[in-house]
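Here is a short briefing to read alongside the coordinates.

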Amino acid sequence: MCMAQMGRPTVEVVLTDEERQVLLRWARRPTSSQALALRCRMVLACADGASNTRVGAELGVHPTTVAKWRKRFVIDRLEGLVDEPRPGAPRTVGDDRVEDVIVRTLESTPQGATHWSTRSMAQATGLSQSTVSRIWRTFGLKPHMVETFKLSNDPQFIDKVRDIVGLYLAPPEHALVLCVDEKSQIQALDRSAPVLPMMPGMPERRTHDYLRGGTTTLFAALNVATGEVIGQLHRRHRAAEFKKFLTRIDKEVPAGLDVHLICDNYATHKTPAIQRWLVAHPRFHMHFTPTYSSWLNQVERWFALLTDQQIRRGAHKNVQNLEHDIRSWIKLWNEQPRPFTWTKTADEVLERLATYLQRIEDSTH
């Protein structure tokens with residue numbers, strides 16, 4: 001037997017006209033569940049005679065995934081694409097009612113409200129709140145949640161993304177890559193009454209109001225390779241303070257290494273005084289993130305940890321107390337630093353952005 005004839009036989013997919021129409025409708029609706037739409041496209045491609053390998057390559061999934069949904073469809077037809085078969089009593093809610101809930105959730109809002117709740121959806125569809133909740137969980141729908149985003153208008157966006165991602169994935173030899181930024185206006189806040197500690201059956205309790213004790217600014221440089229952080233606190237965040245921080249970095253980094261700094265487009269990073277300092281220190285190289293793209297700077301993730309673990313629930317009577325706790329936290333971090341692993345290539349980042357842009361364009365039509 002030749003090698004071309006070896007391998008597991010492929011299950012043939014034959015569609016009725018009604019099934020094809022339903023699959024096309026589910027696959028083409030731009031606001032449908034993306035998981036369901038992908039399954040529909042896999043089945044349609046299989047019905048056209050394509051192999052699992054070819055379908056997987058065209059849709060960006062593993063051939064075994066294509067084989068799974070091919071087999072599921074042949075056994076359970078359309079119902080097999082909607083939900084995993086589960087033991088227990090037979091389903092009492094048909095596919096048409098499930099689809100109705102999904103379409104209403106994604107493509108409409110209830111009268112007098114900005115988003116659906118399980119109660120309002122149950123009233124609109126005649127289902128129970130628990131049934132609506134199960135459908136939403138199955139398809140990953142969360143009408144109560146919202147996230148914000150900001151698209152970059154930087155004309156050099158693509159070049160800057162490739163530059164910075166290149167530093168993460170293939171840092172230059174004999175050089176240090178540092179993600180640099182400042183966390184400004186960190187407030188020293190103290191509660192108006194003592195915090196009541198957590199007890200069995202009762203969470204920590206604190207007053208809703210607080211007393212302000214001043215502000216400070218943390219300049220930080222995260223070593224991409226090791227996770228170590230160089231930190232410096234100042235009461236202001238002007239170019240003068242940023243220049244002092246650069247001098248601190250220059251002292252701490254061994255003289256034989258070049259220094260690549262990843263910064264945002266904040267004005268203090270580009271003043272004439274900073275430019276003169278960089279000319280006098282040629283081993284320093286600045287790399288700027290695109291506008292509105294702070295997510296590319298890994299030090300922002302470190303700032304989020306600092307906020308979550310030290311600042312947000314901390315109580316500080318004055319700035320000195322706040323700065324002491326921040327320095328202590330940095331020292332503790334550097335005893336066991338943890339670098340953030342960047343895995344996506346520049347092409348993957350740009351492809352993901354293109355997907356978002358396509359979804360925005362589709363939603364306006």
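Helices H2 and H4 are roughly perpendicular to each other, a label used for angles of 65 to 115 degrees, with under 35 counted as roughly parallel, over 145 as roughly antiparallel and the rest as oblique. This is a predicted model, in which local features need pLDDT of at least 70 and side-chain atom pairs count only at pLDDT 80 or more, while totals for chains, interfaces and linings use all residues. Residues are numbered from 1 along each chain as its sequence is written, and side-chain values use heavy atoms, with hydrogens and water left out.

**Helix packing**

- H2 spans residues 34–47 and H4 spans residues 63–76; they pack at an angle of about 80°, with their axes 9 Å apart.
- Axes are lines fitted to C-alpha atoms, for helices over the stretch in contact, and angles run from 0 to 180 degrees between N-to-C directions.
- Helices (H or I, at least four residues) and strands (E, at least two) are DSSP runs, numbered from the N terminus.
- On the H2 side, Arg39, Met42, Val43 and Cys46 meet Thr65, Val66, Trp69, Arg70 and Phe73 of H4; contact here means heavy atoms within 4.5 Å.
- The residues of this contact divide into six nonpolar, one polar and two charged, where Ala, Val, Leu, Ile, Met, Phe, Trp, Tyr, Cys and Pro count as nonpolar, Asp, Glu, Lys and Arg as charged, and the others, Gly among them, as polar.
- Lys68 is also found in H4, and at 39% relative accessibility Lys68 counts as partly exposed (buried is under 20% relative accessible area, exposed over 50%, partly exposed in between, with a 1.4 Å probe and protein chains only).

**Salt bridges**

- The whole structure holds 10 salt bridges, each a side-chain nitrogen of Lys or Arg within 4 Å of a carboxyl oxygen of Asp or Glu.
- Arg162 pairs with Asp347, their closest N and O atoms being 2.9 Å apart.
- Arg162 lies in helix H9 (residues 157–169) and Asp347 in helix H14 (residues 346–363), so this pair ties together parts that are 185 residues apart in sequence.
- Both ends are partly exposed: Arg162 at 40% relative accessibility and Asp347 at 47%.
- Arg235 forms a salt bridge with Glu323, again with closest N and O atoms 2.9 Å apart.
- Since Arg235 sits in the loop between strand S3 (229–234) and helix H10 (239–252) and Glu323 in helix H13 (residues 319–335), the pair ties together parts that are 88 residues apart in sequence.
- Here Arg235 is partly exposed at 44%, whereas Glu323 is buried at 7%.

**Nonpolar cores**

- The largest nonpolar core has 36 residues, of which Leu15, Leu23, Phe73 and Leu81 touch the most other members; such a core is a set of buried Ala, Val, Leu, Ile, Met, Phe, Trp, Tyr and Cys residues joined through side-chain atoms within 4.5 Å.
- H2 provides the largest share of this core, eight residues.
- Apart from neighbours within four places in sequence, Leu81 is in contact with Leu23, Leu36, Arg39, Cys40, Val43, Trp69 and Phe73.
- A second, separate core of 34 residues includes Val161, Trp302, Phe340 and Ala346.
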